[in-house]
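Hello,

Here is the structure I promised to pass on. Please open it first; my notes follow below.

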Amino acid sequence: MGCGASATPAAAPAKAPATGAPAEPDAKMPAAQKSLNKEALSPLFDQHPIRLPCLPGDIMVSGDLPKEVVEQLSAQCAGWLYVNPDTDAHFMPEVVKSAGVQLQVLPLKLDDLPAGRVDEILQSIQTLPRPLMIQCTSANRAALALLMWMARTVGYTGASAELLVKDLALDTMKPEATKWMVDQLHVVGQKNGPLIERSPEVRQLFDPESSTLSYLVACPETQEAVLIDPVLEHKDRDLALISELGLKLIYVLNTHCHADHITSGGLIRKDMPEVKTIISESSGAKADMHIKHGDTVKFGSLALEVRATPGHTDGCVTYVLRTKTATFAFTGDTLLIRGCGRTDFQQGSSRRLYASVHEQIFSLPGDTIICAGHDYKGRSVSTVEEERRFNPRLTKTVEEFEELMANLGLPNPKKIDVAVPANMVCGVQDEPETAEVTTGPPEA
Ligand SMILES: N[C@@H](CCC(=O)N[C@@H](CSS)C(=O)NCC(=O)O)C(=O)O
């Protein structure tokens, strides 16, 4: 938004007369060469003190303006979007057009909005030449149009309109107009999607006994949810949270057959038969659905990409969740924060683990959020870039890594003798309902 004039007309009383003689505008200036001449307009600015918003782009918003101001601004604008009806008494199309300005009229009436009008307005703001004026009666709806365009182009994720209004010093906007805009931001049915994408709910859950990190991931549109690596002893806590948040549990996924705790998946599906358990087919463990590298687990509008990451166990997978604003990798025990899973039992192989991390996890974007299966030092999440740089094990050469892993000297997990056999049958997997093996991407 043009820093000079952008908020001035919005905050100015419509009919205040200008004092002093503004410089002669050059109405013949070609649109492409136009830019705001703040000096020329300064007498007007002096009359109506402004606060300057700090956004790039040469867009102004305004309410009704006296003819001489319309003339001056037309001389400096290349585009003009009028969001009132063209029958409005203050509309001066001949003044605007005679200055060679590209004019568009798209009335924005909040209580009587034609279908597709928001998209039309956003399209106009996107394509009309700059400097661009957006005008209505009081600048309220013009500011709304600008904010919605910003929401779409900048891709706000849940930033409130109230905050935007504050940031832009557009506090002349009426509360009901602000509320209307917040509602608009979430309209899923807009032709080009909602103006803001609501982030999926990703909750981390902790078991202090085994230092296991479990995850609840929920679709913001359908409230369908999955649990990743939940712990038996915390079944009631996790289900209570799901219920409190109004979510519908669809799947319990395991990243692998755990050796240190028992999954709650089997017990959950026993009580809630609509919930399906999922594990990799290479784990050899029972579940309702078996996944493999390249599969996709869909729920609501979300999808988890399955990446085989063997090494800690043969059947380890990483689930990757991509949203418009963030990527999450649920790495189980393959990659831990500044560490990795041990490779000394359950078909462990340090060479395979090293390749899995480098090829399947470190190849993700650097800002991918690493949601690991354990942390023994009170940390919660990391990123791919952090681990690429600071993981003391995975930054080594593969030979150094193999040697290090062969000499960790860790005692076996306390529960290994009960956990592994139990997890091979998904905690408690009733015998009659044996696993269905899927060969392709599971259907949501
Ligand atoms: N003390 C814990 C087990 C700790 C342990 O062995 N953790 C595993 C993941 S669970 S099988 C691991 O891979 N650790 C890597 C490491 O470097 O610590 C218990 O008794 O449960």
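Two residues are in contact if their C-beta atoms, placed from the backbone, lie within 7 Å. By that rule, and leaving aside neighbours within four places in sequence, Val 217 touches Pro 200, Glu 201, Val 202, Ala 225, Val 226, Ile 228, Leu 302 and Leu 321.

Some ground rules. The model is predicted: local features need pLDDT of at least 70, side-chain atom pairs count only at pLDDT 80 or more, and totals for chains, interfaces and linings use all residues. Residues are numbered from 1 along each chain as its sequence is written.

Overall picture. The protein has 14 helices and 18 strands. These are DSSP runs numbered from the N terminus: helices are H or I with at least four residues, strands are E with at least two. Of the 444 residues, 45% are buried. Buried means 20 or more other C-beta atoms within 10 Å of the residue's own; exposed means 12 or fewer; partly exposed is in between; C-beta atoms are placed from the backbone. Among contacts with a separation of 6 or more, 68% join residues 24 or more positions apart.

Cores. A nonpolar core is a set of buried Ala, Val, Leu, Ile, Met, Phe, Trp, Tyr and Cys residues joined through C-beta atoms within 7 Å. The largest has 55 residues, and Val 217, Val 226, Tyr 251 and Tyr 319 have the most contacts inside it. A second, separate core of 41 residues includes Leu 65, Ala 75, Tyr 82 and Ile 134.

Strands. Two strands pair if DSSP finds at least two bridges between them. S7 (residues 224-228) and S8 pair in the parallel sense over five bridges. Val 226 stands opposite Tyr 251 in S8. Five of the six residues of S8 (residues 248-253) are buried, so the rest of the structure largely encloses this strand.

There is also an open sheet of six strands, in the order S11-S12-S13-S14-S17-S18, with mixed pairing. S11 (296-299) and S18 (382-383) are its edges; each has a single partner strand, so one side of each lacks a neighbour in the sheet. S17 (residues 369-372) and S18 run antiparallel, joined by two bridges. Ile 369 has Thr 383 in S18 as its bridge partner.

Helix H14 (residues 416-424). Its buried residues are Ala 419, Ala 422 and Asn 423. They span an arc of only 95° around the axis, which puts them on the same side of H14. The arc is taken from the directions from the helix axis to the C-beta atoms. Exposed Asp 417 and Pro 421 sit on the face turned away from the buried side.

Backbone points to check. Most residues other than glycine have a negative phi, and most peptide bonds are trans.

- Asp 229 has a positive phi near 55°. It lies in the loop between S7 and helix H9 (235-244). Asp 229 is buried, with 28 other C-beta atoms within 10 Å.
- Gln 347 also has a positive phi, of about 55°. With 16 C-beta neighbours inside 10 Å, Gln 347 counts as partly exposed.
- The peptide bond from Arg 130 to Pro 131 is cis, with omega near -10°. Pro 131 is in the loop between H5 and strand S4 (132-135).

Best wishes
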